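Colleague: Please take a close look at the strand pairing in this model. I want the arrangement partner by partner, with some context from the rest of the chain.

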Amino acid sequence: MAGFGAAIKLLENGYKVALIEQAPAVGGLAGSFAIHNKHFPFGYHHILAEDKPLLGILKKLDILKDVRWKRGKVLFAIENKIYNLTNPVDFLRFPMPLWAKLRFVFLMGYCFLRSDWSGDLGNARDWIDKIAGVTVRQTIFDPLMDIKYGLPSEYLSANWIGSRLHCQEFSKPLGYILGT
């Protein structure tokens with residue numbers, strides 16, 4: 001998607017562009033694969049309904065019609081058990097102390113209510129530790145950040161993570177491009 005965005009900007013500014021795609025279809029890590037007629041995302045990558053710039057690029061490229069919107073689940077596998085953190089019963093069964101679960105809920109509420117994410121909040125590690133605690137960061141956020149960004153939380157922006165939590169992404173459908 002980043003390549004498409006750059007190509008569009010270059011074209012709009014009068015440059016000739018040759019865009020080369022590695023895969024046989026567009027989508028990159030927001031693509032999916034099918035098993036028994038069910039589609040699964042390549043990784044922890046998806047298109048967000050709030051991502052207006054990306055949706056604009058997809059529309060310009062006439063790809064937006066190929067995006068399929070699906071409700072997501074936040075599944076964690078710990079000690080050979082799967083927990084769906086979007087399910088209240090599974091969240092209560094999730095192997096994390098009750099006080100940490102309450103701090104996680106506090107963090108989510110804080111992010112939902114905060115509307116201005118422009119001031120520098122520092123790195124995600126220190127920010128999550130301050131609001132939700134080390135246990136919440138190590139149990140929930142560090143694995144997600146590793147999968148999503150391939151970086152430890154101290155190298156990620158608290159503003160970016162907080163603004164993503166503000167959008168409540170997993171309470172809304174996530175977009176995937178089929179056939180990639």
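Modeller: Two strands pair if DSSP finds at least two bridges between them; strands (E, at least two residues) and helices (H or I, at least four) are DSSP runs, numbered from the N terminus. This is a predicted model, in which local features need pLDDT of at least 70, side-chain atom pairs need 80 or more, and totals use all residues. Residues are numbered from 1 along each chain as its sequence is written, and side-chain values use heavy atoms, without hydrogens or water.

On that basis, 3 strands form an open sheet, with the order 3-7-4 and antiparallel pairing. Strand 3 (47-48) and strand 4 (67-71) are the edge strands; each has a single partner strand, so one side of each has no neighbour in the sheet. In general, strands of a sheet pair through backbone hydrogen bonds, in a parallel or an antiparallel sense.

Take the pairing of strand 3 with strand 7 to begin with. Strand 7 covers residues 173-177, and the antiparallel pairing with strand 3 runs over 2 bridges. Ile-47 stands opposite Gly-175 in strand 7. Leu-48 has Leu-174 of strand 7 as its bridge partner.

Next comes the pairing with strand 4. Strand 4 and strand 7 are joined over 5 bridges, again in the antiparallel sense. One of the facing residues in this pairing is Lys-70, which stands opposite Leu-174 in strand 7.

Buried here means under 20% relative accessible area, with exposed over 50% and partly exposed in between (1.4 Å probe, protein chains only). Across the protein, buried residues account for 34% of the 180 residues.

Now the wider chain. The protein has 7 helices and 7 strands. Read from the N terminus, the elements follow the order α-β-β-β-α-β-β-β-α-α-α-α-α-β.

Finally, confidence. The mean pLDDT (the predictor's confidence in each residue, from 0 to 100) of the protein is 85, and 89% of its residues reach 70 or more. Among the elements, strand 2 (residues 38-41) has the lowest mean pLDDT, 67, while helix 5 (residues 124-131) has the highest, 97.
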